[in-house]
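Hi there,

Here is the structure I promised to pass on.

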Amino acid sequence: QVQLVESGGGLVQAGGSLRLSCAASGSIFSISTMRWYRQAPGKQRELVAALTHGGSTNYADSVKGRFTISRSIAKNTVYLQMNSLKPEDTAVYYCNADVYSNYGSLFDSWGQGTQVTVSS
């Protein structure tokens, strides 16, 4: 009933920038917190950034000052602006959201992931 679709990943040189987008669609009444996670090969999935409906943000220490999470409530979309990228930022990036449907259900929704590769 709720789908999240990421876009914007790709290959970039170290020091470069990318902007990820994640659009939610379906029977959506509202979305509270939206998050970006990432998972590098052989590593556990980690929280990169989170943004509540009220505008509070939380970032992993490794990306503070380089990444910025933002959202368009009207478009049910969350963004991740990634600057000064490093090879260690290479991972599959996943969008996650707490979505309240029109039927009153709460969904812990995930996107399919988008690959970000940073070359040195």
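A search of the whole structure turns up 5 salt bridges, each being a side-chain nitrogen of Lys or Arg within 4 Å of a carboxyl oxygen of Asp or Glu. Before the details, please note that this is a predicted model: local features need pLDDT of at least 70, side-chain atom pairs count only at pLDDT 80 or more, and totals for chains, interfaces and linings use all residues. Residues are numbered from 1 along each chain as its sequence is written, and side-chain values use heavy atoms, with hydrogens and water left out.

With glutamate 46 it forms a salt bridge whose closest N and O atoms are 2.6 Å apart. Arginine 38 counts as buried at 6% relative accessibility, while glutamate 46, at 33%, counts as partly exposed. (Buried means under 20% relative accessible area, exposed over 50%, and partly exposed in between, with a 1.4 Å probe and protein chains only.)

Arginine 38 also meets aspartate 89 in a salt bridge, at 2.9 Å from N to O. Aspartate 89 lies in the loop between strand 8 (77-82) and strand 9 (91-101) and arginine 38 in strand 4 (residues 28-39), so the pair ties together parts that are 51 residues apart in sequence. Strands here are DSSP runs (E, at least two residues), numbered from the N terminus. Both aspartate 89 and arginine 38 are buried.

A network of salt bridges links Arg38, Glu46, Arg66 and Asp89.

Aspartate 61 and lysine 64 also form a salt bridge, at 3.1 Å from N to O; aspartate 61 is exposed, at 65% relative accessibility.

Best wishes

Terms used:
Helices (H or I, at least four residues) and strands (E, at least two) are DSSP runs, numbered from the N terminus.
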